[in-house]
Amino acid sequence: MLTKDQEYLRDSQYRDASKLEARSRLHRKYGRQDWFEWLANHGHWPERGACLDAGCGAGAFWNAMASNLPASLSLTLLDLSPGMVAAAVQAALGANRWDNVEGKTADASAIPFADGSFDCVLAIHMLYHLPDPEAGVAELRRVLKPGGVALIALNDRHNMRELGDLRRQAIPDAGPPRPPPYDLTDAEPVLRRTFNQVELIRYPDELVCTEPQDVIDYLMSMPPADAASEAQRLELATAVRAAFARQGGVFRVGKAVGLFRCVA
Ligand SMILES: C[S@@+](CC[C@H](N)C(=O)[O-])C[C@H]1O[C@@H](n2cnc3c(N)ncnc32)[C@H](O)[C@@H]1O
């Protein structure tokens, strides 16, 4: 039984790849541009290894890293959203590299595979979507083989704070305050008591944006702007353009992202 928030994620936010793509574009265009390679360098990719990508999104990692990883890997691309699973399978097959690609529409809080099924597990920017992230962590650990590696990426609380500040100027938060998203600090003690070895590796980056429309598209892809009135959306676009003007035509966004490399 999905919560209302999960229904929103499945049926609206991640119904297809378009909203995630608006956000990924900002990182690709203005960031370090080595995210996937950096992730791959921290992974564990044995020949004929079984990999699970939990919350795989549009599967961009597998398309981008095809020539960096063994072709003999078998990939299981799991997501709550059937639209994302379809996009991920298409992206992975489109790399013309992997023969064994399986899509699975499922909740990562109850992974439908036996204990010890995988050599490597990815959970990249997804644990904060689970109603009970600790249950998700237990599942990621359960399906890993002994010695297998989970790569778990999350943000710090102040990640991209400039964008939230800008959005709140134009569209104030409505209703009771929501708890902040599950972040690196929340996850660290949970991971340390769940896995045998845990290393936290930071990914320092700053986006120096030059096109207001890219920032507008990013903000419009997320709550509350994705469901805001036309007047509020206009106000948000005006606030973004004013912020660029104040900084002489650019807008700087600080990133605070980290990766836990966890060995089972
Ligand atoms: C921010 S996106 C990240 C996608 C991908 N890992 C990446 O880094 O590009 C979060 C993904 O988690 C998925 N998701 C959210 N809740 C989930 C759940 N309970 N089980 C599995 N996937 C979930 C969403 O549908 C979405 O595709």
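Which residues have the most contacts inside the largest nonpolar core? The legends below start there.

**View 1. The largest nonpolar core of the predicted model.** This core has 58 residues. Those with the most contacts inside it are Ala 54, Ala 88, Val 121, Ala 123, Ala 150 and Ile 152. Strand 5 (residues 144-155) supplies the largest share of the core, with 7 residues. A second, separate core has 15 residues, including Val 215, Leu 219, Ala 243 and Val 253. In soluble globular proteins, nonpolar side chains tend to be buried together.

**View 2. Val 121 and its contacts.** Leaving out residues up to four places away in sequence, Val 121 touches Leu 52, Ala 54, Leu 140, Val 143, Leu 144, Gly 148 and Ala 150. Ala 54 and Ala 150 are, like Val 121, among the core residues with the most contacts.

**View 3. The whole chain, for orientation.** The chain holds 10 helices and 7 strands. Its radius of gyration is 19 Å, close to the 18 Å that the globule rule gives for 264 residues, so the chain is as compact as a globular protein of that length. Along the principal axes, the C-alpha trace spans about 50 × 40 × 30 Å. Buried residues make up 34% of the 264 residues. Take the contacts between residues at least 6 apart in sequence: 82% of them join residues at least 24 apart.

**View 4. The shell around the ligand.** There are 19 residues around the ligand. Tyr 14, Gly 55, Gly 57, Ala 108 and His 129 come nearest. By type, the shell divides into 11 nonpolar, 6 polar and 2 charged residues.

**View 5. Helix 6 and its buried face.** Helix 6 covers residues 133-142. Its buried residues are Pro 133, Gly 136, Val 137, Glu 139 and Leu 140. Seen down the helix axis, they fall within an arc of 160°, so they line one face of helix 6. These buried residues pack against strand 1 (50-54), strand 4 (118-124), strand 5 and helix 8 (184-194). Leu 140 is also one of the residues that Val 121 touches.

**View 6. Helix 8 and its two sides.** Leu 184, Ala 187 and Leu 191 are buried in helix 8. They cover an arc of only 65° around the axis, which puts them on the same side of the helix. The face turned away from this buried side carries the exposed residues Thr 185, Pro 189 and Arg 193. What covers the buried residues of helix 8 includes helix 6, strand 5, strand 6 (197-209) and strand 7 (251-263).

**View 7. Ala 170 in helix 7.** Is Ala 170 buried or exposed? With 20 other C-beta atoms within 10 Å, Ala 170 is buried. Not counting residues up to four places away in sequence, Ala 170 touches Gln 232, Glu 235, Leu 236 and Ala 239. Ala 22 is 148 residues from Ala 170 in sequence. In space, the two are 20 Å apart, C-alpha to C-alpha.

**View 8. His 158 in its loop.** His 158 lies between strand 5 and helix 7 (161-170). His 158 is exposed, with 12 other C-beta atoms within 10 Å. Lys 255 is 97 residues away along the chain. The C-alpha atoms of His 158 and Lys 255 are separated by 8.0 Å.

How values were computed:
Residues are numbered from 1 along each chain as its sequence is written. This is a predicted model: local features need pLDDT of at least 70, side-chain atom pairs count only at pLDDT 80 or more; totals for chains, interfaces and linings use all residues. A residue is near a molecule or strand if its C-beta atom, placed from the backbone, lies within 6 Å of it. Ala, Val, Leu, Ile, Met, Phe, Trp, Tyr, Cys and Pro count as nonpolar, Asp, Glu, Lys and Arg as charged, and the others, Gly among them, as polar. Helices (H or I, at least four residues) and strands (E, at least two) are DSSP runs, numbered from the N terminus. The radius of gyration is taken over C-alpha atoms; the globule rule is 2.2 Å times the number of residues to the power 0.38. Two residues are in contact if their C-beta atoms, placed from the backbone, lie within 7 Å. A nonpolar core is a set of buried Ala, Val, Leu, Ile, Met, Phe, Trp, Tyr and Cys residues joined through C-beta atoms within 7 Å. The arc is that of the directions from the helix axis to the C-beta atoms.
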